[in-house]
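Hi there,

As promised, I am handing over the structure we talked about. Please have a look, and then read on for my notes.

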Amino acid sequence: APAASELPAPPVESSQNTEGNKELLLLLSGNITFTAKVAGESLLKKPSVKWFKGKWMDLASKVGKPIWKKSLITSRPMSEHILSHSKPIHYSPEEIYHLCHDIVSFPFPSKTNYIFLLLHSTEGHDDAGELNFSALLKKRGDGKTESQPEVDVWEILRKAPPSEYEKIAFQYGITDLRGMLKRLKRIKKEEKKSTAFLKKLDPAYQVDKGQKIKLVVEVANPDADVKWLKNGQEIQVSGRYIFEAVGNKRILTINHCSLADDAAYECVVGEEKSFTELFVKEPPILITHPLEDQMVMVGERVEFECEVSEEGATVKWEKDGVELTREETFKYRFKKDGKKQYLIINESTKEDSGHYTVKTNGGVSVAELIVQEKKLEVYQSIADLTVKARDQAVFKCEVSDENVKGIWLKNGKEVVPDERIKISHIGRIHKLTIEDVTPGDEADYSFIPQGFAYNLSAKLQFLEVKIDFVPREEPPKIHLDCLGQSPDTIVVVAGNKLRLDVPISGDPTPTVIWQKVNKSEGRVRVEKHEDHCVFIIEGAEKEDEGVYRVIVKNPVGEDKADITVKVIDVPDPPEAPKISNIGEDYCTVQWQPPKYDGGQPVLGYILERKKKKSYRWMRLNFDLLKELTYEAKRMIEGVVYEMRIYAVNSIGMSRPSPASQPFMPIAPPSEPTHFTVEDVSDSTVALKWRPPERIGAGGLDGYIVEYCKEGSTEWIPALPGLTERTSALIKDLVTGDKLNFRIKAINLAGESGAAIIKEPITVQEILQRPKIWLPRHLRQTLVKKVGETINIVIPFQGKPRPKIIWTKDGQSLDAKDVGIRNSNTDTILFIRKAELHHSGAYEVTLQIENMTDKVAITIQIIDKPGPPQNIKLTDVWGFNAALEWTPPQDDGNAQILGYTVQKADKKTMEWYTVFDHYRRTNCVVSELIMGNEYFFRVFSENLCGLSETAATTKNPAYIQKTGTTYKPPCYKEHDFSEPPKFTHPLVNRSVIAGYNTTLSCAVRGIPKPKIYWYKNKVDLSGDAKYRMFSKQGVLTLEIRKPTPFDGGFYTCKAVNECGEAEIECRLDVRGNQMNVMHNTNTAVK
């Protein structure tokens, strides 16, 4: 079987056949196999397949030994369907011509696609030559195909009389007319047999899912009982199925149709049935809640969620355009919960990053997944502590991930919590609290986050205060230098507790006073002991900053010291960022530093974005941004986004800034394509172009056209504002100027690049010879019926605009009778209602200065003919009557094709057709009934149809009864002999060398004449290069592969005993262009 090359399936969601039209070469007596592959990525079930020959012959009934078919499902997205013809094939040229229209069709649930297969036939050797279908094509009319509206050929055949069947078959390309007529006959018989139904069910019904439908039939008996069946099972009355009987009507109502109602239904009345099919159409599934972007760490669980308009709907998931199938369940998990659809990735990896898409038959939603390596940032490390006996020691640290756990170590060993030692984890903060510190608690403490190579260490020092008793008075003294740190400034993180032990001495025990300098009040709490005082601030705030003074007094004296407290915090949130430089999938984000940095330098910034209708913010960077600008990428064009910013210092991360103004990533379109000059005149230039290859989500607002003079750099707008068309006429230009033109496409994002015509255009009319392009169908006589509209469009070329002159039979046209409309490129002749006097030879002439071009058009207006004349009853004998008549006086301006003869009994005067398409002007009507009297009438017929009236015999023909004597008339023997006469002449021809050609004519003569062929008066009978055929008066001379030397005058001579006749034509043989080129090259060499 011949191999069929595959064409790639088009990237569409509906099902498509992956193999397009094929042209196959078929060897006679050989096997032929047709293979069609069907792409079914979006199909939910296997498609049904039908094979057709011609337009109407279903090959399902022909499947057997010579023809077999099979379907092979090779994989989910592709299926293969095979039709094989194994019987030796012997096609005549006419059958092969019909096979050129063979169609294979694939009906799909929502759409039908067709594959067209073209067959050729050849002999089994190379010298057989090419098949010549020219004669057949002439008989079948113009080969030009035009789009025709869909018609029901069965309905046309059912209503048409038998005499019109061949005409309908020719008009609609029916190749199996006999088979269709047999089926039509069976259908008519079935219709006649139907006595129970006045009106049956339609062949098929369609309803949307969830809607109501009524199936209605009309029965002949109003009291008849009917049964309704679904897929052969009787339907019982329920809330969804309701039966009604209204007069002769029987109604089945189906409420809330579901997919289960998609079935075959029958209405049964007695032994008769009416069939139909119900197709339930699903409404499109809409995405009511779209997917949201996500950013996760490696190993974390990802869950994409969307909501659709219907529960249990079927959706398709894709990653970067590749469908995620059920076979990948080890990686992806699909879940449905009512209207919600989920895609779950249990342990994400770096390779899972990308764009994920969920598709339904009514919408699409896209979201981006970014998977980052785990990276932990330490916002606050643990600090060394120095505490006294029975005090509290608190180690605290803050990390970037609130889900990270960790362990505390004491001198390398894990700390075990008890009643005195507490370990807490709240959000990002980890604490180790030791109550009632003892000397044994002095050690190195460390915090290690699980899964990260971090070790945060600090030292706990136990402060042991020794006071020597001096049994004498001592002035008070503040011992700040014993704390081991600078007493000038104490730094505390906002929100933390500040506790400062200040050792004092003095005898007697001094009193302690704490004051905040330049402040009337403070939130300081003081605890007094014999040898020290404690300075405490609970939950330090920015307002607690300042200089604190401690004063100790006793009767011997006093001492004072100033302590500066500095509260540091996270920065204030920055102002809303500004978006600029928006592109197709990127933008530039700019922001300003926060007004307050929290007392510590800002280390960097963190940027987040989200879709406007979403609630999920996605982090764009893990490393802190040092600059105040950032180029955000990997956004989806056409989606509205918002941005916000965090500031980070050594203490932590600020609150988020207000969101930026919403923005949409869009890009300007690409430049327009195929920008060319269409026409130039003395003051105008016509330009045309095609839309840009890439338009983008911003759409296309229009185009701006500009020009500049040669040598200048100033571009001037050629049109006021934008134009949405893809052509423009630039007017009011100066003759002789040389101009450069350019065009740009405009949308919301701005201007595209400019498309420029390379060479400057000179504004000057170009002289072009007039030339008329006569359409092919006007090169022969145009036949129209009376009353039809005539609209003839004749395109032409010529510059400047030519003068157009129409004439009919050499006379000017009457403007009141015929309309003429002219444009720059064509001229139109319009006749609203054609009359017989409009027939004639029309001539159109183009004139530019002294140059002209003209063509002639022949129009023939035809009408129905008049009735035949002089009808008379010439003889009556036995059961027969002989009639004669003469052709009609008015033939309707068309050849009389025949006559229709009818008879009517004088008693009933009901007319019955005896002959139709009868060509002679006399006939004998037989099989008349004895004893009756008959009238006869005759209609004439041409291309328009039968005449309006008929010629009727004046006197009836009486058929005598048996027993009467009958004397047969005496007829003279008629001499049918006649000399030869050519009824169809030879036609002058011009052919191409190397291709077989024929000369044909037709002759009539009795007895049959003998035929002689001559070339330039030389007898061709003995020349093997010529073959002569004669079939039923049609004479053909075949010249095999003619050369230029075979040109000349050819004569056909017919001779019989009554005389002779001859006819002559001229044959011109043009050289084959390929041979001429070969001979020229040979001569040059």
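S681 counts as buried, at 15% relative accessibility (buried means under 20% relative accessible area, exposed over 50%, and partly exposed in between, with a 1.4 Å probe and protein chains only). You will find S681 in the loop between β51 (673-680) and β52 (685-690); helices (H or I, at least four residues) and strands (E, at least two) are DSSP runs, numbered from the N terminus. The side chains of S681 and T684 are joined by a polar contact of 2.4 Å. By polar contact I mean a pair of N or O atoms within 3.5 Å; within protein, one must be able to donate a hydrogen and the other to accept it, and residues adjacent in sequence count only if both atoms are side-chain atoms. Setting aside neighbours within four places in sequence, S681 is in contact with V763, Q764 and E765 (contact means heavy atoms within 4.5 Å).

Before you go further, please note that this is a predicted model: local features need pLDDT of at least 70, side-chain atom pairs count only at pLDDT 80 or more, and totals for chains, interfaces and linings use all residues. Residues are numbered from 1 along each chain as its sequence is written, and side-chain values use heavy atoms, with hydrogens and water left out.

Two other loop residues have a positive phi without being glycine. For N231, phi is near 55 degrees; N231 sits in the loop between β13 (227-230) and β14 (233-234) and is exposed, at 52% relative accessibility. For R390, phi is about 65 degrees. R390 belongs to the loop between β29 (385-388) and β30 (393-399), and with a relative accessible area of 63% R390 is exposed.

There are cis peptide bonds to look at, too. One joins K799 and P800, with omega about -10 degrees, and P800 is in the loop between β62 (790-799) and β63 (803-808). Another joins I1006 and P1007, with omega about -5 degrees; P1007 is in the loop between β80 (997-1006) and β81 (1010-1015).

Finally, a sheet. Five strands form an open sheet with mixed pairing, in the order β61-β68-β67-β63-β64. Its edge strands, β61 (782-785) and β64 (811-812), each pair on one side only; two strands pair if DSSP finds at least two bridges between them. Within this sheet, β67 (residues 840-848) and β68 (residues 851-862) pair in the antiparallel sense over nine bridges, and A841 has T858 in β68 as its bridge partner.

Happy browsing!
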